[in-house]
Amino acid sequence: MALLRIMTHLLISLALMGLMGKAMADESKFSGGFLNLEKASDQYSSQRILEFWGYHDTFGEQTQSDTLKLRYYQPLQFDRWRGTMRLDTSYVSTYGPELPQHQTGTYSAGNTMLTVWGNHPNVLKNWEGTLGGRIVFPFGNYGQWAAGPQIGTVYVPRQGSKSPLSDFSPLLRYMYGFDTKSNSFANNPNQPPLVRNLNIFPTLGFNLTPNTQLRFWDENGISWNTGGGGGWFVPLDAMVTHRLNKSFLFAVGASKQVVQSYPIYDWSFYGKLSFNF
């Protein structure tokens, strides 16, 4: 039965991604008219990127968490296949009156995630997007493996366009949690339910100056809980990025839940330092 549930969720996620891929492949939906966009000819960076992130999240009126995250991007190429590998690892401190055993400044291991995406020119020849997947390792209190496929692409204004839009980069990812690493809620009350989430990133970037951008739903996207209880989490997420030189960029952002029938956080404040080399 467990295998059947896994196969059912994977088939649903692949069907949803197939529909999104068909929509993304139809360039006419995003070209002409008020958008006047075209698919980016090169969606892969040739540089390695190392980022240091900090987050402060609030949950309700009293519980809060601080997260320190290290993120690394590595370009990949195998024959004609090109892609990117992203590695995230973090330390988290959760505290508040309802968690007396947790104090500010006490950190423990958080999520570690490996994400790979890319494409081969012979796969979906008329579509220049990417296919990939993510795996979440059961470190810290997370207590479960999670994995799932993703699909995305990048649209940019047509050459010569005076649009303030820098890019429209939609991404869809379905995460399926499994194997709670022999944990139980009795032994680990902080362990969350198994993940069954469809993550939607309708990422939009706007050029404020040649080196400054305003980006929406880049770091935090929309989540639809397809597991027990259902529900949606829809935030308003915005981040301002500024590039000081060709090797260094910094950003600050904030996210506020708007629809929270599936709760994740109330507020999230974050920033990053990004080095490319």
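Val154 counts as partly exposed, because its relative accessibility is 22%, a value not under the 20% that buried requires. The residue sits in the loop between β7 (145-152) and β8 (155-157) of this chain, and the model is a predicted one. The protein chain holds one helix and 15 strands. Buried residues account for 41% of its 277 residues.

**Chain as a whole**

- The accessible surface of the protein chain is about 14800 Å², and carbon and sulfur atoms supply 62% of that area.
- Of the contacts between residues at least 6 apart in sequence, 55% link residues at least 24 apart.

**Nonpolar core and surface patch**

- In soluble globular proteins, nonpolar side chains tend to be buried together.
- The largest nonpolar core here consists of six residues, namely Trp127, Ile151, Leu172, Tyr174, Tyr176 and Leu198.
- Strand β9 (residues 165-178) gives the largest share of this core, with three residues.
- On the surface, a nonpolar patch is formed by Phe52, Leu70, Leu244, Phe250, Leu273, Phe275 and Phe277.
- Together the residues of this patch have about 620 Å² of accessible area.
- Leu244, one of the patch residues, belongs to strand β13 (residues 232-245).

- β13 and strand β14 (residues 248-260) run antiparallel and are joined by twelve bridges.
- Within this pairing, Val234 has Val259 in β14 as its bridge partner.
- Lys256 stands opposite Trp267, a residue of β15.
- A hairpin is formed by β14 and β15 as well, with six residues between them.

- Ser65 is part of strand β3 (residues 63-78).
- Ser65 counts as buried because its relative accessibility is 4%, which falls under the 20% cut-off.
- Leaving aside residues up to four places away in sequence, Ser65 touches Tyr55, His56, Asp57, Phe59, Val92, Ser93, Thr94 and Tyr95.

**Salt bridges**

- The count of salt bridges comes to seven.
- Glu38 and Arg158 meet through their side chains in a salt bridge, at 3.5 Å from N to O.
- Because Glu38 lies in strand β1 (residues 37-39) and Arg158 in the loop between β8 and β9, this pair ties together parts that are 120 residues apart in sequence.
- Glu38 counts as partly exposed at 25% relative accessibility, and Arg158 counts as partly exposed at 30%.
- The side chains of Arg215 and Asp167 form another salt bridge, at 2.8 Å from N to O.
- Arg215 is in strand β11 (residues 212-216) and Asp167 is in strand β9, so the pair ties together parts 48 residues apart in sequence.
- Arg215 counts as buried at 11% relative accessibility, and Asp167 is buried with a relative accessible area of 9%.
- Salt bridges with shared partners join Arg71, Arg86, Asp88 and Glu219 into one network.
- Within that network, the side chains of Arg86 and Asp88 meet at 2.7 Å, N to O.
- Arg86 counts as buried at 14% relative accessibility, and Asp88 is buried with a relative accessible area of 1%.

Conventions: Residues numbered from 1 in each chain as written. Predicted model: local features only at pLDDT ≥ 70, side-chain atom pairs only at ≥ 80, totals over all residues. Heavy atoms only, no water. Helix = DSSP H or I, 4+ residues; strand = E, 2+ residues; numbered from the N terminus. Buried < 20%, exposed > 50% of the residue type's maximum accessible area, 1.4 Å probe, protein only. Contact = heavy atoms within 4.5 Å. Patch = residues over 30% accessible without salt bridge, like charges linked within 9 Å, V, L, I, M, F, W, Y side chains within 5 Å. Areas by Shrake-Rupley, 256 points an atom, 1.4 Å probe, with all protein chains shown as cover. Salt bridge = Lys/Arg side-chain N within 4 Å of Asp/Glu carboxyl O. Core = buried A, V, L, I, M, F, W, Y, C linked by side-chain atoms within 4.5 Å. Pairing = 2+ DSSP bridges.
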